[in-house]
Amino acid sequence: MDAILLQILNGLDKGSAYALIALGLTLIFGTLGVVNFAHGALFMIGAFCAVTVQRLLSLSYEVVDETQKDFLGNPLKVKTSYVESWFGPEMGGAIIDWAVPIAIIFAIPIMILIGFVMERGLIKHFYKREHADQILVTFGLAIVLQEVIKYFYGANPIQTASPEALSGVANVGALFGTEIFYPVWRIVYFFFSVVIIGGIFSFLQFTTFGMVVRAGMADRETVGLLGINIDRRFTIMFGIAAAVAGLAGVMYTPINSPNYHMGMDFLVLSFVVVVVGGMGSLPGAVLAGFMLGILEAFASMNEVKSILPGIDQIIIYVVAIIILLTRPRGLMGRKGVMEE
Amino acid sequence: MFGLDNKDTRMLLVVAVLTLCAPFILNPFPTDSAMAQFNAGYPDLMQRFVIFGIFAIGFNILFGLTGYLSFGHAAFLGVGSYSAVWMFKLLSMNVVPAILLSVVISGLFALLIGFVSLRRSGIYFSILTLAFAQMSFNLAYSVLTPITNGETGLQLTLDDPRILGVSATADGSIPVTSLFGLEMRSTFEMAVGPWAFQFNAGYYLCALILLAAFYLSIRIFRSPFGMMLRAVKSNQQRMNYTGLNTKPYTLAAFVISGMYAGLAGGLMASMDPLAGAERMQWTASGEVVLMTILGGAGTLIGPVLGAGFIKYFENIFSKINDHVLHGWFSFMPDGLEDFVVFIIHPFIGKGWHLTLGILFMLVVVFLPGGLVEGGQRIAKWVKGRKNKDDSTSATKTPAE
Amino acid sequence: MSKSAFSRRGVLKSGALAGTGLALPTIFTASSAAAFTNDPTGSSVTLGFNVPQTGPYADEGADELRAYQLAVEHLNGGGDGGMMNTFSSKELQGNGILGKEVKFVTGDTQTKSDAARASAKSMIEKDGAVMITGGSSSGVAIAVQGLCQEAGVIFMAGLTHSNDTTGKDKKANGFRHFFNGYMSGAALAPVLKNLYGTDRNAYHLTADYTWGWTQEESIAAATEALGWNTVEKVRTPLAATDFSSYIAPVLNSGADVLVLNHYGGNMVNSLTNAVQFGLREKVVNGKNFEIVVPLYSRLMAKGAGANVKGIHGSTNWHWSLQDEGSQAFVRSFGTKYGFPPSQAAHTVYCQTLLYADAVQRAGSFNPCAVVEALEDYEFDGLGNGKTLYRGEDHQCFKDVLVVRGKENPTSEFDLLEVVEVTPAAQVTYPADHPMFAGGALGSCNSGA
């Protein structure tokens, strides 16, 4: 029983990353009708925002220490970070420790800006073009973004730790009267994604802006005929989608050390999630994200693997095939969206 | 000629001349010159050009005609390769049975996947094909290792039970693939002054098969069947309303293009008897999509151009390193030389992906019809210069 | 510049009637005019360095490339000579190989068998390379080794740890300096016994492909011989990035040791996840829970950051070794590039030197002569103590390092500390050991 609860928890936690990325993808699909292969790259850039903030905070000056030697036998250069020398070791250390949460503040404007530039500078010109062209141009863009990051940060993963206070494990089983230990940061990640998803939904549901965007998603032309500048709103939505992907990336860094190709690793999976959820459906994307996360977690249990060897390798695809064959437009897809 | 109209005959002849003279065309620089780095006329790369050309032509029969975007075509290439290598291991080193088997097996595999996937259209179809291909890849990499040899890839060994042939040659090596005794790897080298041209038996086999595949694709494009597929692309619903069941047509197109992919896979294994699981990964499927769009989807020659373009960058640009750069620019003053090398450095060697990504974007932004449109624009410009007076009469040629 | 190595073609040119096309069969054909594939007849010889330059192992590939360039520099008499000065064989004079200047070409394996073979083929067919070396995964190494056997050139493997490279997939033209899964197990077992006792329950997480399996088999066999019990062996998909769902069940399995048979990005993530789940603070069966990473890579361990502290594993070589050879290598590498070399850099540098020395001793570039010179060759001074290139399987037998993640690193390179140097005798196995059975070297192929 504990094992099952643990895997459900694990699935929710995995699913939250899928759901966040899929949510952004669907926003772009739904509003702009663009197949954005660069969405994974946005997730990756978000993660590297955290890396950059961490590096900036630990920028340091070097003092030559004659008593110690480096690997070549020369005097060792001891590094002290500026932050620590300004705020004192304790406060400075705490600031560096909290680099990832601090990165959120920086990542939001940066990601929105990147989103705007991408939409205005490139994607805008592809609204009327074929999906194939959109795929080619966004794929090209994804490669370029990825290679630029690789040029500056290298190919190896870079560790970006969570704050000391939020690492370690917590006993979530206490709620059910058992003992289930789960990493604190992963629980934080889950609640973070719930907040973001809730925020996006209420924004679309309860604001005038959101209402117009929803109307535009349903029937862009009519809304345009009403004299509403839907394009500007869609640009803003692109920025928001980019920010969601970026935030998902920032918060993901302590879970797994980011590297330059992490976006591509998530890309295929997030497309599967979006399509399983149904094209153009935001709740569908979120639901599919969590569902696939949980199924993936169950498939990796030894008990399941002993019955169906290798099932954890293909579970996502098996589920995708079953759902698409039984429900023509995924879980909650709208008719006529990306069907031609 | 061959049941083609004049324009198509001309195009087939152009392709024939280009492929058959490729060893000359691709080696324009003398072997000892600094520019020889850009020579692509060595057997392996020439083989890859035509093999991926065949793959892309096949993909285009499905995508260019029906508009169905398969994101799992690499699976058929992989299955073709595995079948061919197994044929070498079990039956004989002759490439004919291997290629035949790979076409048949991948055709059957395509029939199965196509039958299921074609129940959906649009992006739902794409994801279904992607899911099947990724499943094949993941299983081939791990669980199916007894059949596929997993990570390492299926290779020939010294103790293969080859029914028609020997397990190992007299001197203790693994026998090589051949066409009725003509070794696929045998190469004749011709030296003309400072140039060296390589003529490889395997390449010419691939080239002849490419020509046949290209001819078949022209016939399909021009046939009533091709017209029907185009009608599916422009409006499937209307077709259905006329009471016509389009599925047999699309399925036929899917299977044909799967067989092309299998043929490409079989040829790859025939040139180099190894079959790896990576050939089925989604990135490999994505590559053929990119080749086709880059060259010009729906055009006859475009996919071949796209395939050549990507393979050229992969194999030539990745081999340029800083040493080579310094060699090229050594005539410059020291400071300037270092500066130029510094500027170019991010785009070559390990940065070849970056160059490729930038070129993707440039092509799709400035040449909406792909490389074919670029060619047309150049042709038009040349024409326009030739007869400046009646340049207005130059009509836009359709992208085929 | 690396293009002027076309000595073979130089001969063709001089022999050809100027202007007329003279066809000569070359390279792969049996009736070749040349004595062997890519016989360097001019004033230089070309080596092919085939490393991952894109993809997840690009940084390791870059480090290998640095070491290759250093080796070429030293062979041609430049720099401070590095390990050429400490190498037991004094044949190399710093005037190239057999008096020919060493030139090189580079290529990108992308860590894919196909791309690696394409790249190696272009080096052989286009650039006239007489030896191919490199690689940073076993799949690629085995694929390229097979190609080199067919083409008739020597393959000096880079970083490849699978038993199969010199086991069931061994080839006469291929040589491996790096250690393997069996050696990791044999080296680690006594150390683990001293540290953790003989009554332990091990849980294996294994990357689900050939290398992972051979390592799991080796480590399980070595630890079971100590009296350890293997609780579970779980296979994880190669494409997995988040290992949490595989780590979570460990908590309740009753195991008190977790063995991570992962490499590269997989290792970084699975180790990070294991630490996240608090495994290191756990006490099971009255004992502290321990994690073991049998194959360590310092470059990759950096990605796991503080999580590697106190975790044991094995490695082929480490820059902090104090012997003369290692010191010389670290000095010349560090002076040139500003940071210490990785084990991948070390193994490929050694391989280049060993190849050059073998050619020098054989007096010929003919692959068969080189094979003969390398087989059962004993040497010293390359950082791993006395080493033997065994003739039966072309595997090097040398000391293996057991290392531990350092608690208080003094710099960003100072991640691991050497716990023990396991002597070669302890990691030596008979050539017909069952884990290595099933293949045959075949006979050397010179392409002639």
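**View 1. Helix 4 of chain B crosses helix 11 of chain B in a right-handed sense.** The model shown here and in the views below is predicted. Helix 4 spans residues 74-90 of chain B, and helix 11 spans residues 247-271 of chain B. Their axes come within 7 Å and cross at roughly 45°. That angle makes helix 4 of chain B oblique to helix 11 of chain B. From helix 4 of chain B, the contact draws on Phe76(B), Leu77(B), Gly78(B), Val79(B), Gly80(B), Ser81(B), Ser83(B), Ala84(B) and Val85(B). By class, the contact has 10 nonpolar, 9 polar and no charged residues.

**View 2. Helix 3 of chain B packs against helix 3 of chain C.** Helix 3 of chain B covers residues 43-66. The axes of the two helices lie 8 Å apart, at an angle of about 135°. The two are therefore oblique to each other. Pro43(B), Asp44(B), Leu45(B) and Arg48(B) stand on the chain B side. They meet Ala118(C), Lys121(C), Ser122(C) and Glu125(C) in helix 3 of chain C. The residues of this contact divide into 3 nonpolar, 1 polar and 4 charged.

**View 3. Chain C touches chain B.** Chain C gives 55 residues to the contact, and chain B gives 50. Several elements of chain C each supply at least two residues of its side. The helices among them are helix 1 (7-15), helix 2, helix 3 (113-125), helix 4 and helix 6 (210-226). Strand 1 (22-26) and strand 3 (101-108) of chain C also belong to this group. Helix 3 of chain C has the largest share of the side, with 7 residues. The residues on the side of chain C that touches chain B divide into 22 nonpolar, 18 polar and 15 charged.

**View 4. Chain A touches chain B.** Here 31 residues come from chain A and 36 from chain B. On the side of chain A, helix 5 (131-153), helix 10 (262-277) and helix 13 (311-326) give two or more residues each. The largest share, 12 residues, comes from helix 5 of chain A. This side of chain A has 23 nonpolar, 3 polar and 5 charged residues.

**View 5. Two domains make up the division of chain C.** Domain 1 takes in 7-179 + 320-393, and domain 2 takes in 182-315 + 416-427. Their C-alpha centres lie 33 Å apart. In the contact, 18 residues of domain 1 of chain C meet 16 residues of domain 2 of chain C. On the domain 1 side, helix 2 (58-75) and helix 4 (138-151) of chain C each supply at least two residues. Helix 2 of chain C has the largest share of that side, 3 residues. By class, the domain 1 side has 4 nonpolar, 9 polar and 5 charged residues.

**View 6. Five strands of chain C form an open sheet with parallel pairing.** The strand order is 3-2-4-5-6. Strand 3 and strand 6 (174-176) of chain C are the edge strands, and each pairs on one side only. Neighbouring strands are turned by 20° against each other on average, direction ignored. Strand 2 (residues 44-51) and strand 4 (residues 131-134) of chain C pair in the parallel sense over 3 bridges. One residue pair to pick out is Leu47(C) with its bridge partner Met131(C) in strand 4 of chain C. Helix 4 of chain C packs on the sheet. That helix touches strand 2, strand 4, strand 5 (154-157) and strand 6 of chain C. The direction of helix 4 of chain C makes about 165° with that of strand 5 of chain C.

**View 7. An open sheet of 3 strands in chain C has antiparallel pairing.** The order is 14-15-16. The edges are strand 14 (377-379) and strand 16 (396-397) of chain C, each pairing on one side only. Strand 15 (residues 387-389) of chain C pairs with strand 16 of chain C in the antiparallel sense, over 2 bridges. Leu388(C) has Phe397(C), in strand 16 of chain C, as its bridge partner.

Key:
Residues are numbered from 1 along each chain as its sequence is written. Chains are lettered from A and ligands numbered from 1 in the order in which they are written. This is a predicted model: local features need pLDDT of at least 70, side-chain atom pairs count only at pLDDT 80 or more; totals for chains, interfaces and linings use all residues. Domain bounds come from an automatic or database domain assignment. Two residues are in contact if their C-beta atoms, placed from the backbone, lie within 7 Å. Helices (H or I, at least four residues) and strands (E, at least two) are DSSP runs, numbered from the N terminus. Ala, Val, Leu, Ile, Met, Phe, Trp, Tyr, Cys and Pro count as nonpolar, Asp, Glu, Lys and Arg as charged, and the others, Gly among them, as polar. Axes are lines fitted to C-alpha atoms, for helices over the stretch in contact, and angles run from 0 to 180 degrees between N-to-C directions. Angles under 35 degrees count as roughly parallel, over 145 as roughly antiparallel, 65 to 115 as roughly perpendicular and the rest as oblique. A crossing is left-handed if the near helix is turned anticlockwise from the far one by less than a right angle, and right-handed if clockwise. Two strands pair if DSSP finds at least two bridges between them.
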